[in-house]
Amino acid sequence: MLTIKNGEFVDELDRAINLRGINLGGSSKIPSNYSSTTNWQDSKTTTFVNRPFPVSEAPLHFRRIRACGYTIIRFIITWEAIEHAGPGMYDYEYIQYVKTILQIANEYKLQIYIDPHQDVWSRWTGGDGAPLWTLEKVGFDITNFRGCEAAICQETYGQGHSTAEQRNKEKKSLPKMIWPTNYFKLGAATMFTLFWAGERFAPNFTVDSGDGNYSKKVNIQTYLQQHYINAIAELLKHLNGLENIVGVGTMNEPSAGYINVDNLSKGFGQSGASSSGAGSKELKYGLAPTPFQGMCLGEGYAQLVGDYSNGIMQHVFGKPDHWISVDPMGKKAWKTESNGCIWKQAGVWQTNTKTNQPELLRPDYFAHVDFGTECYIPFAKEYANTMRSVWTSKTQELLIFVELPPLEFSSTPFPEISSSVLSSAVNATHWYDGVTLFTRSFKSHFSVNTHNHRPVFGYKNILKMHVSQLGEIKQLGKKKMDNAPTLIGETGIPYDMIEKLGTKMIRRKSKSIINFRDSSSQQLAAMNHTMICLEKNLLSFTLWNYTSDHSNNAGDVWNGEDLSIYSEDHKCGLDNTDPCYIYDGLRAARAFVRPYAQCIAGTPVVNEFDMNKGEFQLIYRVNGIKYKVPSEIFVPKLWCSKKGAMKVSVSDGKFEVEENEDWYTVKHWHSSAVEDTVKIKLLQ
């Protein structure tokens, strides 16, 4: 049982819990029967069964995850996986598959929180999440999205107007980390705006509710939200009885769409913030039409659009590298049988009768709306109430993991979320070292503050900056969510780092221990840095990610990402009699498979591991209370293959070491001291 008390996760013995876990998995965003030769628009034969892996493979993967010291899984599902065939048509084969997989996870004592995942709305807008029929319902014609620059996808890359596409039409590989730019394109921005605020910004856009004999006209916002909520509730209802389900997320990295955009002609800058140029939170990479230009392109009007690289022109001068004339050549992003652009119908813009050119009427149409307070909280409240209404467990209250738009892309303030509005809530905000993520290179001496775009020099200053950023996220839970605990829902590193061949990470087996030939490899250093930053804030987290079918060629099998801690292609070929067999395939393992205190019989002060020295330290305050239960420290056999290879010292009380198949558990009982220290030196 996992509960919340005084801003901490606690177990049934009232011990503070440091939750460490993994996102499972990266390829769960796309159907298991997807391939580059399949019909991209065929949603009827889609299946997500075997995502994240076949049932037969589950025991080994869960054992490996558990051997890393992880006790919680952020389990990736998508709305599309449940309701791909059509509105209200649920895939019960997939739902039963999920239940079976999570039952096996329970056998390995892995707790689960369900993550309804999406990135930039859907696969047809460059990401994953929502079913195809949601786009069709609002009148979109996805076959023309690329020509109208309404979305950029792997399947259609090469058909657009950007400089990179025109110069090399044969290169069809989607550029790394270009997919998030879809948040700022017509397709995704329109869908999110309708989902969150259709009643406000498209009040006349109603659709048939589809409720059989009781069908009625409802606003598109109500229609989309109800289908989303009902789909996740349908899955959760079938998971009743599983003791390891502890919570559910609201939505992965939601976007506000056009909501609070200050001026549609100047970019996605939000009211009260920088509207465009250097310092703007809009991600510009490739063609970056303004919101108004996106609307015009969607109706077939040619536009002069800025084409950006990740270079000095954008980040210093706030200007594009090129200006490109984008002509959809008569194509429209809207179906011919629809009424055309929703925002034109809403009076945002019109076609000038004299010039026959688009004319912006209301540049501030979406401005001055607090997304968090006015849009997210009402939705989250209804969502949580529905989830809890179908959840019948009497031993585990369903925790609600709260996520708002990524801090890098949002200028609206984090809202006040009181416990009276959303009880048992968890702050599940994400954090990445953005510079390392986007450049695919970890530099210990130089970085950039992604909050103010200023350069940062020297490792001490970089560490201080990142520790501070995570500390600020933790404070959101304390100050904005009635002292809610924080679990960083996503964090991790790109493994496809750009580095010299001589310093690439190479696996080798030496004396039954898996080592890296170069311990200073970027991947190992970057992951260790991330772990240090998390530990200094005493944060719980779930790393992104574990992809069971990762390969060097396909990466995480989605949009060219390569963040999986595991890869079949990185195995050494150890057999199951080898003591390091369970770690085979893990990447930069010694950075994230590390000792830490999982259960603490008091208030944690320090819970840190020094990878370079092989030293762990736990300090916790006991406040004079004599506990009958111990604090428990996980020590992986990756670091300590024999019990005699660790030296444990305690400032007070007693300890004992228990051996499990893949790890040791150091148990410490304190006595009467106010503050206790446990140190573990790994001698191997």
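This is a predicted model: local features need pLDDT of at least 70, side-chain atom pairs count only at pLDDT 80 or more; totals for chains, interfaces and linings use all residues.
Me: Let's start with H1. Is helix H1 mostly covered or mostly open, and how many of its residues are buried?
Reply: Helix H1, residues 58–67, is mostly covered, with seven of its 10 residues buried.

Me: Which residues of H1 are buried?
Reply: The buried residues in H1 are Ala58, His61, Phe62, Arg64, Ile65, Arg66 and Ala67. Phe62 is also listed, with Trp343, Ile565 and Phe592, as having the most contacts inside the largest nonpolar core, which has 183 residues.

Me: What lies apart from that core?
Reply: Another core, of 13 residues, lies apart from it; Phe9, Val246, Leu399 and Leu487 are among its members. As general background, nonpolar side chains tend to be buried together in soluble globular proteins.

Me: What does Trp343 touch, leaving out residues up to four places away in sequence?
Reply: With those left out, Trp343 touches Thr190, Thr193, Leu194, Phe201, Ala202, Tyr258, Met295, Val348, Trp349 and Phe366.

Me: Where is Gln598, and is it buried or exposed?
Reply: Gln598 is in strand E23, residues 596–600. It counts as buried because its relative accessibility is 11%, and the cut-off for buried is under 20%. Not counting residues up to four places away in sequence, the residues that Gln598 touches include Ala16, Asn18, Arg66, Thr71 and Phe634.

Me: And Glu397, where does that one lie?
Reply: Glu397 lies in the loop between helix H11 (371–390) and strand E15 (399–402). At a relative accessible area of 43%, Glu397 is partly exposed.

Me: Which side chain does the side chain of Glu397 make a polar contact with?
Reply: The partner is the side chain of Ser424, at 3.0 Å. Leaving out residues up to four places away in sequence, Glu397 touches Val246, Arg388, Ser423 and Ser424. Val246 also belongs to the core of 13 residues.

Me: Changing topic: at what angle do the axes of H6 and H7 cross?
Reply: The axes of helix H6 (residues 186–201) and helix H7 (residues 220–238) cross at roughly 110 degrees and come within 7 Å. That makes H6 roughly perpendicular to H7. The residues that meet include Leu194, Phe195 and Trp196 in H6, and Ile220, Leu224 and Tyr228 in H7.

Me: Now the sheets. What is the order of the open sheet of four strands?
Reply: The order is E24-E25-E30-E27, and the pairing is antiparallel. Strands E24 (603–610) and E27 (646–650) stand at the edges with a single partner strand each, so one side of each has no neighbour in the sheet. The twist averages 10 degrees from one strand to the next.

Me: How many bridges pair E27 with E30?
Reply: E27 and E30 (residues 675–682) pair over five bridges in the antiparallel sense. Val650 stands opposite Val678 in E30.

Me: What about the three-strand sheet, which order does it have?
Reply: That open sheet has the order E10-E11-E12, with antiparallel pairing. Strand E11 (residues 303–308) is joined to E12 by five bridges, and the bridge partner of Gln303 is Val326 in E12.

Me: Which helix lies across E11 and E12?
Reply: Helix H8, residues 291–298, lies across E11 and E12 and runs at about 125 degrees to E11.

Key. Residues are numbered from 1 along each chain as its sequence is written. Side-chain values use heavy atoms; hydrogens and water are left out. Buried means under 20% relative accessible area, exposed over 50%, partly exposed in between (1.4 Å probe, protein chains only). Helices (H or I, at least four residues) and strands (E, at least two) are DSSP runs, numbered from the N terminus. A nonpolar core is a set of buried Ala, Val, Leu, Ile, Met, Phe, Trp, Tyr and Cys residues joined through side-chain atoms within 4.5 Å. Contact means heavy atoms within 4.5 Å. Two strands pair if DSSP finds at least two bridges between them. Axes are lines fitted to C-alpha atoms, for helices over the stretch in contact, and angles run from 0 to 180 degrees between N-to-C directions. A polar contact is a pair of N or O atoms within 3.5 Å; within protein, one must be able to donate a hydrogen and the other to accept it, and residues adjacent in sequence count only if both atoms are side-chain atoms. Angles under 35 degrees count as roughly parallel, over 145 as roughly antiparallel, 65 to 115 as roughly perpendicular and the rest as oblique.
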